[in-house]
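Please read them with the structure open.

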Amino acid sequence: MSKLRELEKPASYVDLSRALNRPIGAVAKAASWLSEKRLVNITEQKVLKASLGAEGLAYLEMGFPERRLVEALVKLGGAPTLEKCRESSQLTEQEFNIAVLWAKRKGWISVDREGPKTVLKVSKYPEKGIDERAVEKISRGTSHLDELGRDLREACLELSRRPSVVDIIEERIHLLEITSTGRTIPVEELGREEVTQLSPELLASGKWREVSIGRFNVRAPTPVVFAGKKHPLQKLVEAVKEIFVELGFEEIRGPLMELAFWNFDALFQPQDHPAREMHDTFYIKSPDRGRLPAPSLVQRVKSVHENGALANSIGWRYSWSKDEASRLILRTHTTATTIRHLASHREPPVKVFSVDRIYRNERVDWRRIAEFHQIEGIAMERRATLRDLMGVITEFYGRLGLTKIRFYPSYFPYTEPSAEVRAYLPSRRTWLEMGGMGIFRPEVTLPLGVRHPVIAWGLGLERLAATLLELEDIRTLYFNDLAWVRSLPTTYLENILRKKDIVGGG
Ligand code: PHE
């Protein structure tokens, strides 16, 4: 209090805690006590603070990638080819791409085609830009955006859009200002000092009867702590697994590097199927072939492809190649793992699921990534039907709070009938495609020795996460943006699931 009287301007808890050399919690407590007595006013202010992310620190140390690029270009004589520059710039693949993008955007370089080659040319040797100065400024500890000039402030905001260069966090600051009563009230009238902690001495001596004991104020502001927490995607994986376990399924896992045989052939996917092509599937260079399973099984799969043999079908009518089936790939769906399991579990009931990683050779953008996860499962039961399948899927999404589910006819080479599931997204008022499903064809089950219907599904995990978390860009899940993870409440997913549950609970 007396300290406050000395002050001319409103002071923050941080300032006061420094001036009084007391913990910030104690200051906050005293402040709320004083404010209840109307001796001080507490006002809350929001300030934006900037700090350097991992990339930002690297930029500070080594220079912005676009600057490093221009420097490399100059060293290479000013107009090298893209490849030449990529090799000698000492930038990583990712940095290089970022560098070209920004150098172009800033008008530092031009990218021209000369015949078959792409040539990078320096347009101007850049002076230090406002964004570069902003990074330096932040590194020197000036982090309140309000304290920066307008240009620097805008540069910081702009930089916060580049992944982990500058993180902007909103902080609430409490300012204390003494009231006129506070200024004039005699110190003696502030009353007896309050005891905030009962000690053995107070108890033993009976003194606790005389002192006045402070009440708990559970609303008193406290310093912000970033409690350790799991990444929201990890939490969703756990929630999904829990649901299937509750529904009586067991988890299975399988290799990421898989034989084309399990990924495609055992699933009755013909060897000239477009999904098997290089631009959809990642093939392993070395070793490029693996060992096929038992010859009898291979033989049965071969004849089913060639003439439908066992399955009362006519097959695909081509000559099936063992060599093609023994190629190694990164699995393109978790159905490869399912089918491996099925081959050694032929008697019902079989109820298994997996939530696991898959790979597709895709151009990455805001809704597609090349490495992601599927939620996969099957149930084999003597009389399983499409109805059961739709029931499981509806129940699964229902438990996640997505209660409006629709099924559409679809096609997969390994299921008949096949369907696609869509979930309704209230926030965007659209139906989102979530995955595929169906009943395995006899061409798939019979060569394995499975004689009962198997209902199967493969659903997108990232799609689901983006839906629940209402993300614009699916890559947000993989940016490793610590500021984003921190900004989410610890019970983020739980809150969403609970809320949706109430909304859709009827
Ligand atoms: N494997 C399919 C996919 O990757 C999904 C699916 C699984 C479809 C099981 C039917 C049965 O899209």
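1. Glu470 is a reasonable place to begin. Glu470 counts as partly exposed because its relative accessibility is 47%, which falls between the 20% and 50% limits. This is a predicted model, and the backbone at this site deserves a look: phi of Glu470 is near 55 degrees, a positive value although the residue is not glycine. Glu470 sits in the loop that runs between helix H19 (461-469) and helix H20 (482-487).

2. Arg317 also belongs on the list of backbone sites. Its phi is positive, about 65 degrees, and Arg317 is not a glycine. The residue lies in the loop between H14 and helix H15 (322-325). Is Arg317 buried or exposed? With a relative accessibility of 57%, Arg317 counts as exposed, because the limit for that class is over 50%.

3. One joins Ser286 and Pro287, with omega at about 0 degrees. Pro287 is in the loop between helix H13 (260-263) and helix H14 (295-307).

4. The other cis bond runs from Pro348 to Pro349, and its omega is near -5 degrees. Pro349 is part of the loop between helix H16 (335-344) and strand S11 (350-359).

5. Next, the ligand. Which residues come nearest to the ligand? Of the 13 residues around it, these are His333, Thr335, Arg360, Gln374 and Tyr414. By class, the shell holds five nonpolar residues, seven polar ones and one charged. Strand S15 (430-440) and strand S16 (454-460) each contribute at least two residues to this shell.

6. For Thr335, a polar side-chain atom is 3.0 Å from a nitrogen atom of the ligand. For Arg360, a polar side-chain atom is 2.9 Å from a ligand oxygen atom. In the side chain of Gln374, an N or O atom lies 2.9 Å from an oxygen atom of the ligand. On its own the ligand has 330 Å² of accessible area, and the protein covers 91% of that.

7. Strand S5 (residues 166-178) pairs with strand S1 (residues 11-12) through two bridges, and the two run antiparallel. Within this pairing, Ser12 stands opposite Leu175 of S5. Strand S2 (residues 40-52) is also antiparallel to S5, and 13 bridges join them. In that pairing Val40 faces Ile178 across the strands, standing opposite it.

8. Ile42 is a residue of strand S2. How does its surface count? Leaving out residues up to four places away in sequence, Ile42 touches Tyr13, Ala31, Ser32, Ser35, His174, Leu175 and Leu176.

9. Ile42 and Gln269 are 227 residues apart in sequence, and their C-alpha atoms are 69 Å apart in space.

Key. Residues are numbered from 1 along each chain as its sequence is written. This is a predicted model: local features need pLDDT of at least 70, side-chain atom pairs count only at pLDDT 80 or more; totals for chains, interfaces and linings use all residues. Side-chain values use heavy atoms; hydrogens and water are left out. A residue is near a molecule or strand if one of its heavy atoms lies within 4 Å of it. A polar contact is a pair of N or O atoms within 3.5 Å; within protein, one must be able to donate a hydrogen and the other to accept it, and residues adjacent in sequence count only if both atoms are side-chain atoms. Accessible areas come from the Shrake-Rupley method with a 1.4 Å probe; for residues, only the protein chains shown count as cover. Helices (H or I, at least four residues) and strands (E, at least two) are DSSP runs, numbered from the N terminus. Ala, Val, Leu, Ile, Met, Phe, Trp, Tyr, Cys and Pro count as nonpolar, Asp, Glu, Lys and Arg as charged, and the others, Gly among them, as polar. Two strands pair if DSSP finds at least two bridges between them. Contact means heavy atoms within 4.5 Å. Buried means under 20% relative accessible area, exposed over 50%, partly exposed in between (1.4 Å probe, protein chains only).
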